[in-house]
Amino acid sequence: MTSKRIRIGIDTGGTFTDFVIVHDAQAQHFKLPSTPHDPAKAVLEGLARIRAMWPGAPFDIVHGSTIATNALLQRRGARTALVTTAGFEDVLEIGRQARPRLYDLNVDRPPPLVPAGLRFGARERIGPRGDVLIELQPAEIERLVAAVRKARVESLAICLLFSFVNPRHEQLIEKAMEALGLPISSSYRILPEYREYERTSTVVINAYVMPLAGRYLQRLLDGVRQLDAISQLDATARARRAERKGREGGVRLRVMQSSGGSMSAEAAAREPVRIVLSGPAGGVVGALAVARKSGFDRIITFDMGGTSTDVSLCVGRVQTTNEAQVADLPVAIPVIDIHTVGAGGGSIARLDAGGALRVGPESAGADPGPVCYGKGEAVTVTDANLILGRFGGRALLGGEMLLDDQRAASYMDAFAQAMSQATGRKISREQAALGIVNVANANMEGALRKISIERGYDPRDFTLVCFGGAGGLHVCALAQALRIRRIIVPLSPGTLSALGALLADVQKDYSQTVMLPGEQASQMQLERVFRRLESVGRKELASEGFHPDQVRVERACAVRYCGQSFELEIPWSHRWQRDFHQAHQIRYGYADPSRPTEIVSARIRCIGRVQKPRLKSYQADARQRPRPRYELVVVKDHAEPVAVYSRDDLPVGCRLKGPVIITEYSSTTFIPPEFALEVDRFKNMLIEQRLRFSS
């Protein structure tokens, strides 16, 4: 038994749930199959294993969760009502003029999260300067309360016109609705910024997933405390008391935010819209931390898991955006600028109506999983890599999970026969597998181009950081296609997202629309707004136990040229106009310093610094000489013996030339002949074109 706090990072993926445990500066990790029908089950199974290792020890848990994302994708959130200004009840359906497929006249738009019968208009009106044009009468409030009560909803969103300037009417409705006992999401709290459609969508999403997220987080807390049997005190009351006092509770649970920071479970339950991209965020944070240690801060992250691939670009820092879309719905709070494609190890291969090979976005997931897992009946990318010999064996997770290569071969033969019939030429099992891998690579290459070339960045100027359980099998082919010269594969790449959760500071984001013409934007005007937002953030962090010395504040402003529809976020300084023109040049390919600018919103990020695991450095050991075994691997279009090394056997300074396969518990890396690797002092694998290595 130990009294020291055990820090645990958890990342729930579509195929595996990853755990990283840090204790006494030592890190351990393991994976369990995810339980998509009940995500908390796999998390609690892993925590039970950890509890058995350290009975009675206090836990600090940071969790990257997909609960809010899945609720949106599957449309299984709460029955939600919306109260908005009369005449604006249909803003969720009207949306913007932009169409996902410009020339498709018969496009089907997804239905809004709140149906027409649950959208209620309030007879009131606030003007754009905050003046009351139509007063909200008590009788009108009573009518709205009665209508919402009759609707028998589970959650309520309130979003009135111009409440970001004057929230009084929203506050009156919110106070009256509290009598119904519903979870309430009000726009003046969630997103006090202009743009009615985006603001309404964001607040509705928060209300839609709020009951589900709250139940999930509470179940995790209750489940861990049942493992502890710490006391018979009410779990909810204990959690809230620990939040208020910041004391050493038995279990402290934080959740990754979409913006790359973390937040308390209590705050996440109130504002779950901030965790809709929680899962991929930890990976970007972890990748940037690892790359910085090795001396690189311009990186492209490549996170390939079992279900999807997430990519992001960092120029010295994590890039965030306020223009994200999740499940075709705008989310206007800060999120890491991540692009996701349905290409993972479990992505299913199929032939379309014209006989063309398609891979994904459908995935076999954890259940039934790829064919080689023993239950699935649709061939996947994982099956293709097994057929090609690129796992360097017939097992995953250090031998814990055996792969059925004979079953995979049988199903791949049937798939190859179907391809032969569709194309009119004989296609072998290996050719079918290569085709599946190549199509998956093309899908992922498109994602990498989208967040680099299409944003004005040359990928050749960046280092590609590869992680996720399946990434190492594909990363060299992608780097070659984009002419990226350097790849970093961190230690335990399959659990980097869970490690990134532990590296994330607690983060609070606040904003306020100001609409100041650039030439009139005085330092004093914005200073008042910044100070007010900063005061709120410091108080909230203090309530979670952060000392003022642990708090850092970042200021930014959203800027645009007058007349533009959207803006860019610029760090606040006296050089903000110059920085805006430079950012505009990079993003859009042009800038016009003579054109007047406008500051749309002031934004504050309050950061509470947490204790982080240290990335350990190692000494070179010339005496350690790794010895390989050999496996038959299809390298390009033919099979040949390829050296297979265990990553644990590679010392600092070790250099190897491709073709070679590196196996480890959480991932496998396939290095083709054109590449070579070197192990740096942090035991990252630096992979480069062989021309850059001296023999």
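Is Glu 266 buried, exposed or partly exposed? At 30% relative accessibility, Glu 266 counts as partly exposed (buried is under 20% relative accessible area, exposed over 50%, partly exposed in between, with a 1.4 Å probe and protein chains only). The model is predicted, so local features need pLDDT of at least 70 and side-chain atom pairs count only at pLDDT 80 or more, whereas totals for chains, interfaces and linings use all residues. Residues are numbered from 1 along each chain as its sequence is written, and side-chain values use heavy atoms, with hydrogens and water left out.

View 1. Glu 266 and Arg 270 form a salt bridge at 3.7 Å, N to O (a side-chain nitrogen of Lys or Arg within 4 Å of a carboxyl oxygen of Asp or Glu). Both residues lie in helix α9, four residues apart, about one turn of the helix (helices are DSSP runs of H or I of at least four residues, strands runs of E of at least two, numbered from the N terminus).

**View 2. An open sheet of four strands.** The strands follow the order β6-β5-β9-β10 with parallel pairing (two strands pair if DSSP finds at least two bridges between them). Strands β6 and β10 stand at the edges, each with a single partner strand, so one side of each has no neighbour in the sheet.

View 3. Glu 140 meets Arg 123, with the closest N and O atoms 2.8 Å apart. Glu 140 lies in helix α4 and Arg 123 in the loop between β6 and β7, so the pair ties together parts 17 residues apart in sequence. Glu 140 is buried at 5% relative accessibility, whereas Arg 123 is exposed at 52%.
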